[in-house]
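Dear colleague,

I am handing over a structure that you have not worked with before, together with notes on what was found in it. Please look at the sequence and the structure first, and then read on.

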Amino acid sequence: MTDPYWSHNTHYHRAVLDAVPDGCDAAVDVGCGDGLLARKLAARAVSVTGVDRSPEMVRQASENVPANVTFLEADYLDSTSLPEGGYDFVSAVAVVHHTRFQDAVGRLVRLLAPGGRLVIVGLASNRTALDWVISACGVPANRLYQSRRDEGGPVGMPIEDTTMSWGEVRQAAHALLPGCRFRRRLLWRYTLVWDKPQEGGP
């Protein structure tokens, strides 16, 4: 499908989709916004749930919904909102920095079925000189992408700044999700991929 707009978040949708395991039954996109990623996931999973606590985002997402996609207005941190252990794939794009990192990751892990996969696309802040140098490398690429696509996003989407540095996120991710694959990306995002053990583990 052709994206109606481009942003730093949609730019990494491909990384999320490429991480969906073969034979995925149930997937959930947490903080789904206008549902763009959930619609894309519909081609990779038998069923997809998009959840967002913003009524306006859910309203926008609920237009032209594929048959295997359901949108839910709820806070994913609420233990009664989604079934724990109910999903083979969990995605969260620009979501976890809206709350305490440990709480967000802990809840996302509990949503996963044994053997399921978690993918996070997140933000972090610059603290060190190296952080600023790496971030500066993204400026030319960002301008190139902006010249080729209409930059935008859903109207009314909640936005919040991140407080954790790149180093803090990386350290917390490896502590909470042993064996996770953390990668700092060019356009001021990181991707985190983790497979939940079949038995035991966090």
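A salt bridge (a side-chain nitrogen of Lys or Arg within 4 Å of a carboxyl oxygen of Asp or Glu) joins the side chains of Arg127 and Glu168, at 3.4 Å from N to O. This pair links distant parts of the chain, with Arg127 in the loop between β5 (112-122) and α5 (129-148) and Glu168 in helix α6 (residues 166-176), 41 residues apart; helices (H or I, at least four residues) and strands (E, at least two) are DSSP runs, numbered from the N terminus. Please keep in mind that this is a predicted model, in which local features need pLDDT of at least 70 and side-chain atom pairs count only at pLDDT 80 or more, while totals for chains, interfaces and linings use all residues. Residues are numbered from 1 along each chain as its sequence is written, and side-chain values use heavy atoms, with hydrogens and water left out.

Arg127 counts as partly exposed at 47% relative accessibility, and Glu168 is likewise partly exposed, at 34%; here buried means under 20% relative accessible area, exposed means over 50%, and partly exposed lies in between (1.4 Å probe, protein chains only). Arg127 is also touched by Ser165, which has Ala124 and Ser125 as its other contacts (heavy atoms within 4.5 Å), not counting residues up to four places away in sequence. Ser165 lies in the loop between α5 and α6 and is buried, with a relative accessible area of 7%.

The count of salt bridges comes to eleven. Among them is the one between Asp103 and Arg100, at 3.1 Å from N to O, in which Asp103 is partly exposed at 38% relative accessibility. Another joins Arg181 and Asp195 at 3.7 Å, and this pair links strand β6 (residues 181-184) with strand β7 (residues 190-195), its two residues being 14 residues apart.

Turning to the interior, in helix α4 (residues 101-111) the residues Phe101, Ala104, Val105, Arg107, Leu108, Val109 and Leu111 are buried, and the buried residues of α4 pack against β1 (26-30), β4 (87-93), β5, α6 and β7.

Trp6 and Tyr145 form a stacked pair, at 5.7 Å centre to centre and with 20° between the planes. Trp6 lies in the segment before α1 (13-18) and Tyr145 in helix α5, so the pair ties together parts that are 139 residues apart in sequence. Phe182 and Tyr190 are stacked as well, at 5.0 Å centre to centre with 25° between the planes, and both of these residues are buried. Together with Trp166, Phe182 and Tyr190 form one aromatic cluster.

With kind regards

How values were computed
Rings of Phe, Tyr and Trp (its six-membered ring) pair if their centres lie within 6.5 Å; planes under 30 degrees apart count as stacked, over 60 as edge-to-face and the rest as tilted.
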